Amino acid sequence: MEWYLAWVKDNPLFSAAIQFGLLGTLGELVSHWLRSKKFGMPFSNALLAGKIAAWALLGIVIKYGFAGMKGFVLALVEHNLLPEACGEGFLLAFSLSVATNIFFGPQMMFFHRLEDNLLAWKLDFTGIQKAWWTLLWFWIPAHTITFMLPKDFQIGLAAVWSVALGVILGLSAPKKKPE
């Protein structure tokens, strides 16, 4: 565990990119496997590399978003725009999660969908509204837990949540017939 913490502290952006590049892509793969009931690589090597790079870039964006939203919430507390109790403990974690997922989440998801569209050489935002609903029922509770952890564990857990959401979406989606 010490090596992980040292790596994250010494390489905050690189570690965010690696964690999201690997785990975000894994979440997509797991979702596909569960929906199709077929275990295998659904992407070409080039598309897989593109997806890893897209998730890695998203990890860096999320790292900046987490830091910025913490400053935002603490500034609201400092200016008496949120109760003082929202500046620590569970209420800070919950306030951070709500702010992150309401003010940052929709744009981040739009950016990620744009990345997917560029990789597929298409422009399709079908289902983005369903993705946005996950901000309320999945990401706010998940990130409340995330923000209760020490800072150096938060990006790693957020990346793990991407795999968990992939499992949930894979299990809940209409099944594709095996090809």
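This is a predicted model: local features need pLDDT of at least 70, side-chain atom pairs count only at pLDDT 80 or more; totals for chains, interfaces and linings use all residues.
The secondary structure of this protein comes to 6 helices and 0 strands, where helices (H or I, at least four residues) and strands (E, at least two) are DSSP runs numbered from the N terminus. From that terminus on, the order of elements reads α-α-α-α-α-α. Residues are numbered from 1 along each chain as its sequence is written, and side-chain values use heavy atoms, with hydrogens and water left out.

Let me turn to overall dimensions. The C-alpha trace spans about 55 × 35 × 25 Å along its principal axes. Of the 179 residues, 44% count as buried, and here buried means under 20% relative accessible area, exposed over 50%, and partly exposed in between, with a 1.4 Å probe and protein chains only. Contacts, meaning heavy atoms within 4.5 Å, can be sorted by separation: among those with a separation of 6 or more, 68% come from residues 24 or more positions apart.

Which residues have the most contacts inside the largest nonpolar core? They are Phe20, Ile62, Met109 and Trp139, in a core of 28 residues. H2, H3, H4, helix H5 (128-148) and H6 each supply at least two residues of this core. A nonpolar core is a set of buried Ala, Val, Leu, Ile, Met, Phe, Trp, Tyr and Cys residues joined through side-chain atoms within 4.5 Å. Ile62, leaving aside neighbours within four places in sequence, is in contact with Phe20, Phe104, Met108 and Ile155.

I come now to charged pairs. A salt bridge is a side-chain nitrogen of Lys or Arg within 4 Å of a carboxyl oxygen of Asp or Glu, and by this rule the count is 3. Glu28, Lys51 and Asp116 are linked in a network. Within it, the side chains of Glu28 and Lys51 meet at 2.9 Å, N to O. Glu28 lies in helix H2 (residues 12-36) and Lys51 in helix H3 (residues 45-78), so this pair ties together parts that are 23 residues apart in sequence. Asp116 also forms a salt bridge with Lys51, the closest N and O atoms being 3.7 Å apart. That pair links helix H4 (residues 89-120) to H3 across 65 residues, and both partners are buried. Elsewhere, Lys9 and Asp152 form a salt bridge at 3.8 Å, N to O. Lys9 is in helix H1 (residues 2-10) and Asp152 in helix H6 (residues 151-172), 143 residues apart. Lys9 counts as exposed at 54% relative accessibility, whereas Asp152 counts as buried at 14%.

Finally, the surface. The protein exposes about 10,300 Å², with carbon and sulfur atoms supplying 71% of it; areas come from the Shrake-Rupley method with a 1.4 Å probe, and for residues only the protein chains shown count as cover. Phe72, Ile102, Phe103, Trp133, Leu136, Trp137, Ile168 and Leu169 form a nonpolar patch with about 780 Å² of accessible area together. Patches are made of residues with over 30% relative accessible area and no salt bridge, like charges being joined within 9 Å and nonpolar side chains (Val, Leu, Ile, Met, Phe, Trp, Tyr) within 5 Å. H5 gives the most to this patch, with 3 residues.
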